[in-house]
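Hi there,

Have a look at it first, then read on.

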Amino acid sequence: MNKSKDTDCKIVISRSGEDDCKIVISKSTAEGEEFSPGSRKPLKLTKTKTLHPPIESHWQLPPQKEAKPSSGLMRMLSYPMKFGESLKRFGRTKSLQMILEGAHDPKDEQIVQAFRELLFVENQLPANHNNYHTLLRFLRMRDFDLPNSKQAFLNYLKWREEYRVDAIIKEFKYEEHEKVKKSYPHGYHSVDRYGRPVYIERIGMIDLNALLQVTTVDRFVKYHVSEQEKTLNLRFPACSIAEKTHIASTTSILDVQGIGLANFSKPARYIFMEIQKIDSNYYPETLHRLFIVNAGSGFKMLWKALKPFLDARTLAKIRVLGYNYLNDLLEIIDQSNLPTFLGGNCTCADYGGCLLSDKGPWNNPEITEIIQTISTTDDLNNNGEEEEVASEANLVSDPKIEALEALLEETKAALDGLALHMGELRTR
């Protein structure tokens with residue numbers, strides 16, 4: 001049960017009729033109002049608009065205070081362990097914990113806890129996905145509507161299992177990576193002024209025929225998923241450590257020079273739709289802003305055809321710019337971190353070009369060593385927590401059993417009373 005000063009979140013077992021037994025998570029406020037996940041009336045929160053502020057905005061570092069660790073990462077970081085000389089610049093390990101975990105907005109934390117309880121009571125919250133930021137992303141995706149967020153989260157878990165995402169992370173090797181980048185120039189390149197990873201695509205230079213000669217659509221989509229996982233598990237944590245604040249979204253640039261309707265062939269449409277579906281449904285709230293540059297008349301016609309496939313929240317993050325885009329980019333990205341083909345100073349000559357370098361904090365050996373240590377410890381803790389969660393889930397289901405047993409006892413008592421009454425009638 002999660003309690004705060006103004007609200008109480010509780011699990012209630014109720015019976016309707018004689019045979020129906022159910023568990024309801026409800027939230028009662030100081031004014032006496034109640035909320036339950038199945039109710040039509042949503043939880044009254046200050047966040048009622050479709051568009052939310054940047055996802056990192058709630059995660060400014062708070063004053064340090066003692067708290068009992070509640071996750072594998074927190075427990076590991078609270079132990080008197082040392083990660084080598086690279087941690088000295090962060091001071092106490094408590095500071096690193098706060099950077100990676102971030103401060104939680106109290107109102108968000110309240111509904112995330114209610115979301116946890118809703119999933120937990122139905123045994124639908126695997127330990128390795130019981131992450132505050134993951135749950136918050138799915139809540140934001142559905143405007144903090146618990147039933148809709150639950151369905152989106154369950155769809156995500158089902159997709160991960162069916163698409164074997166964990167196996168892709170461990171086993172998938174994209175040997176054609178360099179050849180693909182020649183026919184489809186794209187990649188991560190450094191960070192913006194706020195420490196977010198910058199992702200760049202030169203769509204106007206895609207040679208789809210050459211691309212499909214060196215890879216398949218299925219392998220390219222798997223590669224995209226592996227890159228998304230790498231961003232969540234490596235790039236965001238590395239940027240957070242480097243910037244000393246929580247980073248959880250990217251700044252993207254699409255160079256569409258030369259693009260028009262003729263470029264949107266059937267294979268191109270399929271790739272676009274498949275990647276858009278994966279990103280919007282299974283990696284929500286990871287885009288901070290998207291700049292579309294060098295947008296000519298041909299692209300603007302194509303943009304009209306593409307816009308209906310994008311949700312309102314994503315569209316609000318997109319800026320379509322013409323050829324005079326440099327000042328807009330420099331407001332967000334330092335010129336030294338922009339490739340020369342976008343008006344910056346960087347060439348990454350040692351790597352054969354900026355889009356082949358994968359330049360960023362995630363390639364800093366000291367930072368990656370820290371992340372690898374944390375990841376290994378988390379895996380060990382999650383294995384133990386899976387058993388603990390399964391055990392606790394059984395305990396949670398006990399009230400259901402007790403309620404059913406109570407109903408059986410009541411039925412038995414009623415039958416005994418009926419039998420006694422019939423016996424009395426026979427003796428008269």
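In this predicted model, the axes of helix α4 (residues 132-141) and helix α10 (residues 266-282) come within 9 Å and cross at roughly 105 degrees. Axes here are lines fitted to C-alpha atoms, for helices over the stretch in contact, with angles from 0 to 180 degrees between N-to-C directions. Helices (H or I, at least four residues) and strands (E, at least two) are DSSP runs, numbered from the N terminus. Where they touch (heavy atoms within 4.5 Å), R137, F138 and M141 of α4 meet S280, N281 and Y282 of α10.

Now to the sheet. Five strands form an open, mixed sheet in the order β5-β6-β7-β8-β9; strands pair if DSSP finds at least two bridges between them. β5 (186-191) and β9 (318-320) are at the edges with a single partner strand each, so one side of each has no neighbour in the sheet. Strands β6 (residues 197-202) and β7 (residues 250-255) run parallel, joined by five bridges; Y199 has S252 in β7 as its bridge partner.

A word on confidence: pLDDT, the predictor's confidence in each residue from 0 to 100, has a mean of 78 over the protein chain, and 66% of residues reach 70 or more. Over residues 1-49 pLDDT stays under 50.

Residues are numbered from 1 along each chain as its sequence is written, and side-chain values use heavy atoms, without hydrogens and water. Local features need pLDDT of at least 70 and side-chain atom pairs 80 or more, while totals for chains, interfaces and linings use all residues.

Best wishes
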